[in-house]
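I opened a new page today for a structure I had not looked at before. Here is the model as I had it on screen.

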Amino acid sequence: MRLHLGMISLRVLAVLLVAFGSALPRDADSRWAWPLEPRPDVVRTYEQPPTPYAAGHRGLDLAGRPGSPVRAVDDGVVTFAGSVGGVRSVSVDHGGVRSTYQPVDADVRRGARVARGEVLGSLLVAGGHCYPAACLHLGRRHGEAYADPAELLSHGGSVRLVPPSGPPPVPPPKARAPAGVTGLAAPVDAPVSSPYGMRVHPLTGELKLHDGTDFAAACGTDVRAAADGRVVAVTYDPAYGQRVVVDHGGGLATSYNHLAKAAVRSGATVQAGATVGAVGSTGMSTGCHLHFMVTVAGDPVDPAPLLR
Ligand SMILES: [Zn+2]
Ligand SMILES: [Zn+2]
């Protein structure tokens, strides 16, 4: 299920989760307890990535307060308590299925037996997916595979899906493409992993406009100009990473972001299909993908209807 976290779809999703929850078998043994008390709001749901290395959200983000006690979702044995890529984490094995918690300042050690509801540590802010707000990223793993923790958490009543900062803002009006512009070529041959539109940012947790189309292309894939034009910028931006901007005239421009490297210089003339760079994960990015943007008079528009 593709989740567009717009205002309306948040409500639709909440309804779907309620409906789904009531249809689940009531197997008390496989149920997880919520790791925060009182029962937390879900800030971001699980998003299965299209490929194992693509961007996705391999867990559930639960709103919390800095220092809140984080509790084991079920009886188990602590298999990890330490740092993963600089983020303080705890893992608990429940006999085949593992729960993971981050960012957490652990009070338990590896090898410790813990009971369902027992405190594992306290919630940190640094390294969290909702920074600067605090939230717990809860993961569920079966071996190396990730699965949706929400399936195991009891849904009695409604599930609230809210951004950490409160109700979603009103999306900005969508800019219109100039008349006659319909023929952009796809910049890579790869599936779309995240469309243009309002969404919760995978790294900052903020609900904002996702101002381009993400393509799930592997690191190093050639990125091609979507139309004839002139390269007007080859820059490094803290958010967009290595980017190439091509002006196509008439106020229309395209940009290619999070590149591993640019293959063109500013000022170069390019034809549609010319290689402008290679897919990477530079800037604010959770993994290799192409963030493809189209702007009209400087305002971002949805690239999807313009692609051939
Ligand atoms: Zn998360
Ligand atoms: Zn993107």
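**Ground rules.** I am working with a predicted model, where local features need pLDDT of at least 70, side-chain atom pairs count only at pLDDT 80 or more, and totals for chains, interfaces and linings use all residues. Residues are numbered from 1 along each chain as its sequence is written, chains are lettered from A and ligands numbered from 1 in the order written, and side-chain values use heavy atoms, with hydrogens and water left out.

**Overall.** I found one helix and 23 strands; these are DSSP runs numbered from the N terminus, helices being H or I with at least four residues and strands E with at least two. Of the 308 residues, 47% count as buried (buried is under 20% relative accessible area, exposed over 50%, partly exposed in between, with a 1.4 Å probe and protein chains only).

**Zinc, ligand 1.** Which residues coordinate this ion? I noted H57 (NE2), D61 (OD), D61 (OD), H129 (ND1) and H137 (ND1), at 1.9 to 2.8 Å. Donors here are N, O and S atoms within 2.8 Å of the metal (3.2 Å for Na, K and Ca), and water is not among the atoms, so sites may look incomplete. Along the chain the donors read H-x3-D-x67-H-x7-H. H57 sits in the loop between β1 (42–44) and β2 (60–63) and H129 in the loop between β9 (119–123) and β10 (135–142), so the pair ties together parts 72 residues apart in sequence. H57 is buried at 2% relative accessible area, while H129 is partly exposed at 22%.

**Zinc, ligand 2.** The donors I listed for this ion are H210 (NE2), D214 (OD), D214 (OD) and H291 (ND1), at 1.9 to 2.8 Å. H210 belongs to strand β14 (residues 207–210) and H291 to strand β22, 81 residues apart. H210 is buried at 5% relative accessible area, and H291 is buried at 4%.

**Cores.** I then checked the nonpolar cores (sets of buried Ala, Val, Leu, Ile, Met, Phe, Trp, Tyr and Cys residues joined through side-chain atoms within 4.5 Å). The largest has 27 residues, of which L184, Y256, L290 and F292 touch the most other members. Two or more residues each come from β18 (241–249), β19 (252–262), β21 (275–279) and β22 (290–296). β22 gives the most, with four residues. Apart from this core lies another of 25 residues, including L62 and V114.
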